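Please open the structure in your viewer and keep the selection tool at hand. This tour goes stop by stop, saying what to select and then what is found there.

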Amino acid sequence: MAPPRQTLLLRSARGHSRSTAIWLAAEELRGGGVVAFPTETVYGLGAIVFSETAVRRIFRVKGRPSDNPLIVHVSSRAQARELMQSIPDEFRILAARFWPGPLTMVVTKNAAVPDCVTAGLATVGIRMPAHPIARALIRACGAPIAAPSANISGRPSPTTAEDAFEDLRGRIGVVLDGGPCAVGIESTVLDLSGEEPVILRPGSVTTAQLAETLGRDIRSARGSSARPASPGMKYRHYAPKTPLFIVMKNGRRMNAALRDVIDGLRRNGRRVALLAPADCAGLPADAFFPLGRGNAVDYARHMYQGMRALDRTGSDLMLCPAIEEQGIGIAVMNRLKKAARGFLPGNA
Ligand code: TXA
Ligand code: MG
């Protein structure tokens, strides 16, 4: 690994400072560098897709296994087409409805995409981010940006520039600040390279939305399926350092269930961090991070930031109430289960 270097946190709130910050970040990328940048889902750790040395640096910086492919971010449909062998009908239809936005489509790649980007796969995942700074950065580079989430592998994805900075300080030259991410969890990944579309990773674009748009049922990949699922899904992910447990309410009111669990743990000398809807603020936890009103959208938006914030409190364990696995709640519970050590019954 290259020697540690000074990491610039470039603020890009608005106006002149925004265009200057984007220009500086694009300069870093054009010079073969690696830059953390905002998207509407989570912060990405980007390199120009055609710069193989820079793409390899992404894997080193993150400590990412080299068999886990990167998503390529584009600022136009034309730029996406330049990476693809052919354009499936579903791609056109879904891009028209969901781009720019949190949908990554996996299609057969062409020779323009370096093998190191796709971990040797014949397919490439492509997404047009909705965040204006992300698209402005891609336009300023004049080329697509390959980027995984901007966390050290295994940690929760960063949803603020400060959280990206926490992981990457001294490892890269630039973190471009675009404020907190609106969605807060990673994009839906949909494989269009096979006979039928398959969801490889659930996200805020839901199965129902995809099915309705394509006018057909959409399958989700299972670990045991014959087709290769998303390589990234086999790794442990998103985990805070503090052991996280998901609390099931078991038919009780969640606040009452949480209170009993917290009381029991604290009586046993455990310091408890609570990641839960804002109306749980009065519960007797040692540390608390609010998940808005506690709906799936609010969970998604605040969950990773909360895991990181509560990690800094030195608690013995972290609790988070389960939500219903429906709509975006499917993606939220998918990430929570990957982050958690296990479940706690709410009548414990
Ligand atoms: O929202 C997002 O998708 C964020 C932002 C930065 O765009 N990016 C992100 O990237 O979450 P990453 O690398 O953390 O997750 C990418 C996922 C991995 O599970 C990877 O295996 C899968 O997408 N993936 C990428 N290319 C693929 C391909 N060609 N075939 C199957 N899965 C692929
Ligand atoms: Mg990731």
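Two strands are said to pair if DSSP finds at least two bridges between them. Keep in mind along the way that the model is predicted.

Begin by selecting residues 272-276, which make up strand β13, together with residues 317-321, which make up strand β15; the two pair in the parallel sense over three bridges. Within this pair, look for Ala273, which stands opposite Met318 in β15. Strands of a sheet pair through backbone hydrogen bonds, either in the parallel or in the antiparallel sense.

Now widen the selection to the whole sheet, which is open and consists of five strands in the order β14-β13-β15-β12-β16, with parallel pairing. At its edges you will find β14 (287-290) and β16 (342-345), each of which pairs on one side only. If you follow the sheet from one strand to the next, the twist averages 25°.

Select Glu212 and Arg97 next, which form a salt bridge whose closest N and O atoms are 3.7 Å apart. Glu212 lies in helix α7 (residues 207-214) and Arg97 in helix α4 (residues 89-98), so the pair ties together parts that are 115 residues apart in sequence. Glu212 counts as exposed at 58% relative accessibility, whereas Arg97, at 40%, counts as partly exposed.

Are the partners at the next stop, Arg335 and Glu186, buried or exposed? Their closest N and O atoms are 2.7 Å apart in a salt bridge, which links Arg335 in helix α10 (residues 328-339) with Glu186 in the loop between β8 (174-177) and β9 (188-191), 149 residues apart. Arg335 counts as buried because its relative accessibility is 0%, and Glu186, at 4%, counts as buried too.

Finally, select Arg155, Asp163, Glu166, Asp167, Arg308, Asp311 and Arg312, which are joined into one network by salt bridges that share partners.

Conventions: Residues numbered from 1 in each chain as written. Chains lettered and ligands numbered in written order. Predicted model: local features only at pLDDT ≥ 70, side-chain atom pairs only at ≥ 80, totals over all residues. Heavy atoms only, no water. Helix = DSSP H or I, 4+ residues; strand = E, 2+ residues; numbered from the N terminus. Axes fitted to C-alpha atoms, helices over the stretch in contact; angles between N-to-C directions. Salt bridge = Lys/Arg side-chain N within 4 Å of Asp/Glu carboxyl O. Buried < 20%, exposed > 50% of the residue type's maximum accessible area, 1.4 Å probe, protein only.
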